[in-house]
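Trainee: I'd like to learn how to read a model like this one, feature by feature. Can we go through it together?

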Amino acid sequence: MPHHDHFKKALRQDKKRNLRNRIAKSRLRTIIKKVRTAEDKDAAQAAFKVAVPVIDSTARKGIIKKTTAARTKSRLHKFVASMA
């Protein structure tokens with residue numbers, strides 16, 4: 001247990017940040033899953049259009065790296081394009 005007030009505050013802040021990051025990552029995974037499990041190409045394209053801004057904002061907030069966001073978008077785009 002921390003002995004000083006500023007360490008206690010840091011723990012409180014870490015808990016808040018951890019929760020916020022967990023929520024954002026969960027949202028990101030859910031959005032990506034919707035693209036991957038879409039029934040047809042039109043549904044996948046619509047889900048992809050929703051997914052791109054979410055991926056970008058997650059990267060902007062520093063929750064995922066910029067290169068991870070770019071790679072994810074690229075792979076999703078390739079997946080949607082390959083659907084028949």
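Trainee: Let's start with Lys66: in which helix is its place?

Mentor: Keep in mind that this is a predicted model. Lys66 has its place in helix H3.

Trainee: And is Lys66 buried or exposed?

Mentor: The idea is to compare relative accessibility with a cut-off: exposed means over 50%, buried under 20%. Lys66 comes out at 70%, so it counts as exposed. For a sense of place, Lys66 and Ile55 are 11 residues apart in sequence, with 9.4 Å between their C-alphas.

Trainee: What about Ala44, buried or exposed?

Mentor: Ala44 sits in helix H2. Its relative accessible area is 0%, so Ala44 is buried. Setting aside neighbours within four places in sequence, Ala44 is in contact with Val35, Ala38, Val80 and Met83. Ala44 and Leu76 are 32 residues apart along the chain, yet 9.3 Å apart C-alpha to C-alpha.

Trainee: How do H2 and H3 pack, then?

Mentor: Look at the angle between the N-to-C directions of the two axes. Here H2 and H3 pack at about 175°, with axes 10 Å apart. Angles over 145 degrees count as roughly antiparallel, so that is what H2 is to H3. On the H2 side, the contact includes Lys41, Ala44, Phe48 and Ile55. H3 brings, among them, Lys66, Leu76 and Val80.

Trainee: What is Val35 in contact with, beyond its neighbours within four places in sequence?

Mentor: Val35 is in contact with Ala44, Ala47, Phe48, Ala51, Leu76, Phe79 and Val80.

Trainee: How many aromatic pairs are there?

Mentor: The test is whether ring centres lie within 6.5 Å. By that rule the count is 0. Phe79 does have a charge over its face, though: Arg36 lies there, 4.8 Å from the ring centre.

Technical notes: Residues numbered from 1 in each chain as written. Predicted model: local features only at pLDDT ≥ 70, side-chain atom pairs only at ≥ 80, totals over all residues. Heavy atoms only, no water. Contact = heavy atoms within 4.5 Å. Phe/Tyr/Trp six-rings, centres within 6.5 Å; stacked < 30°, edge-to-face > 60°. Lys NZ or Arg CZ within 6 Å of the ring centre and 35° of its normal. Axes fitted to C-alpha atoms, helices over the stretch in contact; angles between N-to-C directions. Helix = DSSP H or I, 4+ residues; strand = E, 2+ residues; numbered from the N terminus. Parallel < 35°, antiparallel > 145°, perpendicular 65-115°, else oblique. Buried < 20%, exposed > 50% of the residue type's maximum accessible area, 1.4 Å probe, protein only.
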